[in-house]
Amino acid sequence: MSTDQNQVWKNCIDIIKDNVSMQAFKTWFEPIKPVKLEKNVLTIQVPSQFFYEWLEEHYVPLLKRIIRKELGTEGRLEYSIIMENNFDNANPYTVKVPTTNKKAIKNPAVSMPLDMSDNPIRNPFIIPGLRKLNIDSNLNPNYSFDNFIEGDCNRLARSAGFAVANKPGGTSFNPLLIYGGVGLGKTHLSHAIGIEIKNKYPEKTVLYVSSEKFTHQFIDAVKNNSVNDFSHFYQMIDVLIMDDVQFFSGKEKTQDVFFHIFNHLHQTGKQIVLTSDKPPVEMQGMEQRLLSRFKWGLSADLQTPSLETRIAILEKKMYADGIELPKDVVEYLAYSITTNIRELEGALISLIAQASLNRKSITLDLAKQMIDKFVKNTAREVSIDYIQKVVCDYFDLPIELLKSKTRKREIVQARQIAMYFAKKMTKSSLANIGLHCGGKDHATVLHACRTVNNLQETDKHFRKYLDDLEKKLNIQ
Ligand code: ADP
Ligand code: MG
């Protein structure tokens, strides 16, 4: 039996890999570091309280089995949690938690002086003196969970959002920070959380506000000498949803006032939901103490949606608006616009508008013309998925075969051609291209590109294939 924690953990990891999905493995096990092995106790370091709770909730049977196998029946696992929610000490410190003890670790208690006057508090949204119950949540009913399509790209953020909505302030996802690129659903998801809370807990005061609006309100409050009212108003909220916090960057005074509001809400068990276009580590111009609070709960990202998710989003939208479109048009849209759901929806709407204005029926040709105009400025990149589709259509092969591991000659050739075009026309890495084309490694892709180049020079028919395909790919 091995006595070194790294070796023991490595053995554990090997078993875990076989028992959980790749995604789960990357999310929950890769960040773990073995710290020590003493007697039969293996201590692993996890990045946060939330991590520990998640592992306990979802992976205890598996971990127990593995520890027993690696360390015998006396074997035990202990967690060491990096705590970031420490006010005075910037360095993370660690706490030990045995697997059997599920007691939550409390944040170091902190009290903030609060001047609670009895005066009515001015509501920066409307008129001074409004009472708490009258606060409008600013939620858009269309941005509900029902209308939010679930996919691999948003699964963690969506389920964390749902957990928060079920138990606002009562989970370790506080704050819940949702981050991701433009048009990927941050605003939608944050509204969905608010709407769901309002449905479940009508008595709770939920408020959605963009950071920009908050900033303007604060500036007005400074002008009107009503900063106290401003802060008190926000401190009364039960669920505060602050959209696009990256907007606070470089605005020290606003960050300062938000910092105090944040502390007050957090200490009183209120829920905070934040969105941002970047993860906390990449936020510039943000005070350290605020950034560290952003990391207290859970940061969950929204990634670009897969082809299936894009199609599902389009179909949902069409259904909601009572529109029907030919399947190839829907697929074409989904293949062409890959990185921004707002653009995807925009293209759908323009297409419908165009068709109805010109009394034309919506065909693939019309879609192609329109997309060209619509996304002209955004230096569009062909997607690997689309390349595969065009290549498969051309050779009349099912796309599943191309993505499979089969070594049949004609499939291998089509696959190599798809790899070649993916290398030529996208910014994807060789490794990523390989992954998309039958789970091959980067060396295989490199070999494919060389083979295609060689054949192109020596084989006339082959060159014709490539020319045809290149034309098809370019006119999209
Ligand atoms: P962000 O705030 O990240 O820029 P939005 O939340 O404004 O993005 O989303 C842009 C558009 O895409 C909205 O119309 C939204 O309804 C839609 N959208 C985003 N994600 C989804 C999804 N998973 N399902 C359905 N619609 C979505
Ligand atoms: Mg937004």
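This is a predicted model: local features need pLDDT of at least 70, side-chain atom pairs count only at pLDDT 80 or more; totals for chains, interfaces and linings use all residues.
**Exercise 1.** Count the aromatic pairs, then classify the pair formed by phenylalanine 262 and tryptophan 296.

*Solution.* Step 1: rings pair if their centres lie within 6.5 Å. By this rule there are 20 aromatic pairs. Step 2: the ring centres of phenylalanine 262 and tryptophan 296 are 6.0 Å apart, and their planes stand at 65°, so this pair is edge-to-face. Phenylalanine 262 lies in helix α8 (residues 252–267). Tryptophan 296 lies in the loop between α9 (288–294) and β9 (298–302). The two are 34 residues apart, and their pair links distant parts of the chain.

**Exercise 2.** Which aromatic cluster holds Phe262 and Trp296?

*Solution.* One cluster is formed by Phe214, Phe218, Phe230, Phe233, Tyr234, Phe248, Phe258, Phe262 and Trp296.

**Exercise 3.** Find which rings lie under the charged ends of lysine 251 and arginine 289.

*Solution.* Step 1: the charged end of lysine 251 sits over the ring of phenylalanine 247, at 4.0 Å from the ring centre. Step 2: arginine 289 places its charged end over the ring of phenylalanine 259, 3.8 Å from the centre.

**Exercise 4.** Describe how strand β6 is covered and how β6 pairs with β7.

*Solution.* Step 1: β6 spans residues 206–210 and is mostly covered, with four of its five residues buried. Step 2: β6 pairs with β7 (residues 239–243) in the parallel sense, over five bridges. Step 3: valine 206 has valine 239 of β7 as its bridge partner.

How values were computed. Residues are numbered from 1 along each chain as its sequence is written. Chains are lettered from A and ligands numbered from 1 in the order in which they are written. Side-chain values use heavy atoms; hydrogens and water are left out. Rings of Phe, Tyr and Trp (its six-membered ring) pair if their centres lie within 6.5 Å; planes under 30 degrees apart count as stacked, over 60 as edge-to-face and the rest as tilted. A charge sits over a ring if NZ of Lys or CZ of Arg is within 6 Å of the ring centre and within 35 degrees of the ring normal. Buried means under 20% relative accessible area, exposed over 50%, partly exposed in between (1.4 Å probe, protein chains only). Two strands pair if DSSP finds at least two bridges between them.
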